[in-house]
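Dear colleague,

I am passing on the structure below, and I would be glad if you could look through it before reading my notes.

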Amino acid sequence: MADPGPALHKALYAKLGELSTPVHDFVPQGAAFPYITIDTSASENADYLVERQDFRFVYLNVWSQERGQQEVLTIMGAIDALLHEASLVLDTGSVVSIKVDRKTTQRDVDNVTFTGTVTLRVITRH
């Protein structure tokens with residue numbers, strides 16, 4: 001069976017679209033804040049005896065220019081509520097488990113923008 005990575009990306013993009021914050025895979029020039037980006041992902045083989053499984057880490061970033069971290073923290077909380085243990089249907093393969101593994105915030109180098117990173121730990125089967 002084909003790698004479920006592209007199907008997972010598509011399903012996450014669709015699921016995140018349920019939030020009121022815009023989601024971008026590619027941020028258009030002049031995009032209004034706040035927004036969420038699907039940034040990087042990594043996978044490693046987690047084969048078991050019978051079937052192919054992968055551990056995947058997907059990193060989502062939240063971008064805000066509101067003063068302070070409150071908006072970033074609120075959006076990250078909404079992502080957590082939406083995706084932790086969510087049931088995602090993939091075109092290829094399946095999601096065994098999805099968990100919000102880590103959330104961090106930081107001030108950007110411009111000293112105006114705050115960013116937050118949500119790390120998803122996903123186990124896929126194919």
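This is a predicted model: local features need pLDDT of at least 70, side-chain atom pairs count only at pLDDT 80 or more; totals for chains, interfaces and linings use all residues.

Residues are numbered from 1 along each chain as its sequence is written, and side-chain values use heavy atoms, with hydrogens and water left out.

Helices (H or I, at least four residues) and strands (E, at least two) are DSSP runs numbered from the N terminus, and two strands pair if DSSP finds at least two bridges between them. On that basis, 5 strands form an open sheet with mixed pairing, in the order S1-S2-S3-S5-S4. Its edge strands are S1 (23–24) and S4, each of which pairs on one side only. S1 runs parallel to S2 (residues 35–45), to which 2 bridges join it, and Val 23 has Ile 36 in S2 as its bridge partner.

Strand S5 (residues 114–125) is largely enclosed by the rest of the structure, because 9 of its 12 residues are buried (under 20% relative accessible area, with exposed over 50% and partly exposed in between, for a 1.4 Å probe and protein chains only). S5 pairs in the antiparallel sense with S3 (residues 53–64) over 12 bridges, where Leu 60 stands opposite Val 118. S5 also pairs in the antiparallel sense with S4 (residues 94–107), over 12 bridges, and here Lys 99 stands opposite Arg 121. The hairpin of S4 and S5 has 6 residues between the strands, and in it Asn 111 takes a positive phi near 65°.

With best regards
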